Each structure stands twice: as C-alpha cells, then as structure tokens.
Amino acid sequence: MAERAALEELVKLQGERVRGLKQQKASAELIEEEVGKLLKLKAQLGPDESKQKFVLKTPKDFDIAGNFDPMIPDAECLKIMCEILSSLQIGDFLVKVNDRRILDGMFAICGVSDSKFRTICSSVDKLDKVSWEEVKNEMVGEKGLAPEVADRIGDYVQQHGGVSLVEQLLQDPKLSQNKQALEGLGDLKLLFEYLTLFGIDDKISFDLSLARGLDYYTGVIYEAVLLQTPAQAGEEPLGVGSVAAGGRYDGLVGMFDPKGRKVPCVGLSIGVERIFSIVEQRLEALEEKVRTTETQVLVASAQKKLLEERLKLVSELWDAGIKAELLYKKNPKLLNQLQYCEEAGIPLVAIIGEQELKDGVIKLRSVTSREEVNVRREDLVEEIKRRTGQPLCIC
C-alpha cells in the first residue's frame with residue numbers, strides 16, 4: 001500500500017509538471033518528454049484493485065483476440081476525416097500517413113540506438129516546417145547523432161508518395177529485413193487498397209517524415225494539412241499547422257483493463273481552434289462578418305407604440321417557417337435596430353411604420369446594400385424566402 005501511495009504521489013506531481021509546462025507554453029519536445037514520463041508512471045501504477053472494477057466492452061462482432069481486418073477501422077477514420085474537412089470548405093487539404101513501426105524499423109537499420117529513437121523522431125517531425133539541413137544539424141549538433149547515420153535517415157524521410165512508394169520500400173534490401181518495418185508496410189499497402197475503394201486515395205500521401213510525437217501510437221499515424229494557396233489581397237499566408245490528426249494506439253486502453261488485455265484502438269481529432277482561425281482570417285480578408293445568429297429577418301418599427309404590430313408580424317413569419325426576431329424594447333430606435341442587424345449579420349429588416357400600416361405594405365430592407373422596397377404584406381413571406389434561398393410555397 002505504501003509503495004502504491006508513493007507512486008500515486010509521483011503521478012500527481014508529474015501531472016502538475018506537465019500542466020505547468022503547457023501553461024508556460026514550453027517547447028513541444030520538452031512537453032512530449034514529460035508526458036512520456038507520466039505515461040510510464042501510470043503504467044507502473046496499474047489499476048487500483050480497491051476501487052470499483054469496470055469491464056471494457058467492445059462491439060459484438062469484434063474479436064479481441066485479433067481475428068479481424070486491422071485496416072478497416074483506420075481506413076474508415078481517414079474517410080470520416082476527409083468528409084469533415086470537405087464539408088467545412090476551408091480549402092484543399094492533404095492527409096499524410098505513416099506508421100510508427102516503419103519509423104522504428106527505419107531508425108534501427110540506419111543505426112540509431114534505442115535510447116535515441118524518440119528524440120530523433122521529434123526532430124524528423126519538424127521536416128514540414130524547416131529544411132532537411134536544419135533537421136540534420138539539430139540531430140548531429142544537439143542530439144549527438146553521427147553524421148553518416150543522419151544521412152541514411154535523410155535518404156528515407158525525404159520520400160513521399162502513394163502505394164507505389166509502399167511497394168518500392170517493400171523491396172528495399174535493408175528495410176524489408178526489419179520485422180517491424182515489414183509489418184507496417186504490409187498494413188499500409190492494405191490501407192491504400194481500402195482508401196481506393198472509399199474513393200479518397202487522391203487525398204492521401206505516404207510521408208516518411210510524419211512522426212507524431214506521442215509515445216502511445218503503435219501503428220498507422222496521420223495528420224491533415226491545408227495546401228497553401230497564393231495569399232489574396234489583405235490575407236496573410238496561413239500557418240496553422242495540421243487541422244486534424246490521429247492514429248492507432250493499441251496499447252493505451254489496455255492499461256486500464258484489470259486483466260491487462262490488449263484492446264486495439266484507432267481514432268482521430270479535429271483541430272477546431274485552428275479551423276476557426278482559418279475561417280476568421282478569410283472572413284476578415286473578404287471584409288465579411290461572422291454571423292452569430294441564424295435569424296433571416298428582424299422585424300423593426302420606424303415609430304413608437306408599434307410593439308403589438310411587431311409581435312403580430314413576427315408571429316406570421318414564424319408560422320411560415322421564417323427565422324425572425326425582434327428587439328424586446330417597447331420603443332427601440334430604428335437606428336439601433338439597424339445597427340443590431342449589422343452586428344449580428346442578419347440580412348433583412350422588415351420595417352413597420354404608420355404609413356406602411358395604412359398602405360398595407362411592409363418595407364423590406366437589405367442590410368448590406370441598404371436598398372428598401374415596399375412589399376405587400378400578403379407577399380412578404382414569399383419575398384423573404386426568395387431572397388434567402390428557401391423553397392417557395394406552391395399553392
């Protein structure tokens with residue numbers, strides 16, 4: 001019990017150190033190193049038998065012994081990633097894939113010692129940001145790697161392509177003799193077959209420089225990046241890094257299984273904050289505002305004591321399926337109502353005034369162009385639907 005309590009205290013302290021480094025925005029390499037230490041401590045700690053036990057559940061058709069096709073879930077995750085990024089319409093993207101077993105096998109045949117695998121891995125992962133010469137200088141000058149070993153690594157990690165590169169490396173006289181690398185290449189070849197069937201192979205690139213620093217990845221790894229396009233007027237070049245990433249982590253969940261079973265897992269994450277940064281930057285370049293509401297039309301009044309008339313009209317629009325709203329003040333100033341529309345991105349204003357009530361019309365104003373037209377009240381719904389692209393009523 002005393003030994004476990006000591007380990008729990010070490011886990012707590014290490015967790016606080018990792019959180020502190022993240023708050024201080026320390027280097028990714030240092031954070032990765034400390035996260036690795038935390039995971040090792042948690043693995044040593046193991047499950048607490050004194051606490052309530054739980055059972056890991058898997059789908060009914062899933063065989064935990066491993067009698068299943070290993071690449072179908074990975075291919076499905078990549079398909080989902082491509083569908084999400086396509087639907088967001090943030091620009092052309094490319095998904096880079098690799099396998100941690102290929103990386104480890106490559107480092108082994110190039111002469112990297114086991115103790116340097118992860119630190120050299122973190123250097124290789126920088127190749128999408130800096131040149132090979134800078135990466136090589138870091139490996140040799142800062143991490144003590146022999147120059148000839150770095151050169152051998154460079155021959156591999158600067159290669160990228162599709163299934164043809166996988167087949168080429170399967171014939172590589174050195175890499176094909178490494179068991180880990182051979183397993184990884186075999187799975188990647190199968191993965192590309194499924195990606196072709198899913199119709200997304202043109203969005204995927206086998207990139208030997210992709211490393212994904214976290215230690216818990218055990219197989220296929222991937223990340224999506226936006227393809228750079230020439231910056232338009234007023235638009236800064238995008239530099240947000242990857243917008244989605246994931247991979248296979250077969251050893252992670254099993255750490256929490258009382259029986260220590262291996263539970264195969266694969267997953268992905270979407271970089272929501274980075275995607276928001278891209279969208280905001282492009283809207284700023286186009287001088288467009290981010291809409292904070294789905295409201296299509298604001299019901300406004302031009303004079304005082306027209307609250308009841310506004311309520312009647314907004315109710316008519318709601319009944320017709322129009323997304324409408326009004327300000328809650330009894331007698332809001334027209335200018336304030338128009339400014340609210342501009343700030344919230346509401347495209348139309350339906351204005352009621354004493355003269356409009358007498359004439360049986362509603363003044364419909366476009367917020368962007370400030371153009372105003374009188375529309376007969378009975379025609380207002382159809383006119384709003386026409387302007388907002390909603391289906392018109394066929395009566």
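**Exercise 1.** Which residue just after helix 6 takes a positive phi?

Solution. Gly-144 does, with a phi of about 75°. Helices (H or I, at least four residues) and strands (E, at least two) are DSSP runs, numbered from the N terminus. The model is a predicted one: local features need pLDDT of at least 70, side-chain atom pairs count only at pLDDT 80 or more, and totals for chains, interfaces and linings use all residues. Residues are numbered from 1 along each chain as its sequence is written, and side-chain values use heavy atoms, with hydrogens and water left out.

**Exercise 2.** Find the buried residues of helix 6 and state why they line one face of the helix.

Solution.
- Step 1. Apply the terms: buried is under 20% relative accessible area, exposed is over 50%, and partly exposed is in between (1.4 Å probe, protein chains only).
- Step 2. In helix 6 (residues 132-142), Trp-132, Val-135, Lys-136, Glu-138 and Met-139 are buried.
- Step 3. Seen down the axis of helix 6, these residues fall within an arc of 155°, so they line one face. The arc is that of the directions from the helix axis to the C-beta atoms.
- Step 4. On the face turned away from the buried side are the exposed residues Asn-137, Gly-141 and Glu-142.

**Exercise 3.** Describe the pair formed by Tyr-216 and Tyr-217.

Solution.
- Step 1. Rings of Phe, Tyr and Trp (its six-membered ring) pair if their centres lie within 6.5 Å; planes under 30 degrees apart count as stacked, over 60 as edge-to-face and the rest as tilted. By this rule there are three aromatic pairs.
- Step 2. Tyr-216 and Tyr-217 are 5.0 Å apart, centre to centre, with 50° between the planes, and the pair is tilted.
- Step 3. Tyr-217 is buried at 8% relative accessibility, whereas Tyr-216 is partly exposed at 26%.
- Step 4. Ring pairs link Tyr-216, Tyr-217 and Tyr-249 into a cluster.

**Exercise 4.** Which salt bridges does Glu-383 form with Arg-386 and Arg-387?

Solution.
- Step 1. A salt bridge is a side-chain nitrogen of Lys or Arg within 4 Å of a carboxyl oxygen of Asp or Glu.
- Step 2. From Glu-383 to Arg-386 the N to O distance is 2.6 Å; for Arg-387 the closest N and O atoms are 2.9 Å apart.
- Step 3. Within helix 14 (residues 380-388), Arg-386 is three residues from Glu-383, and Arg-387 is four residues from Glu-383.
- Step 4. Glu-383 is buried at 17%, Arg-386 is exposed at 53%, and Arg-387 is partly exposed at 30%.
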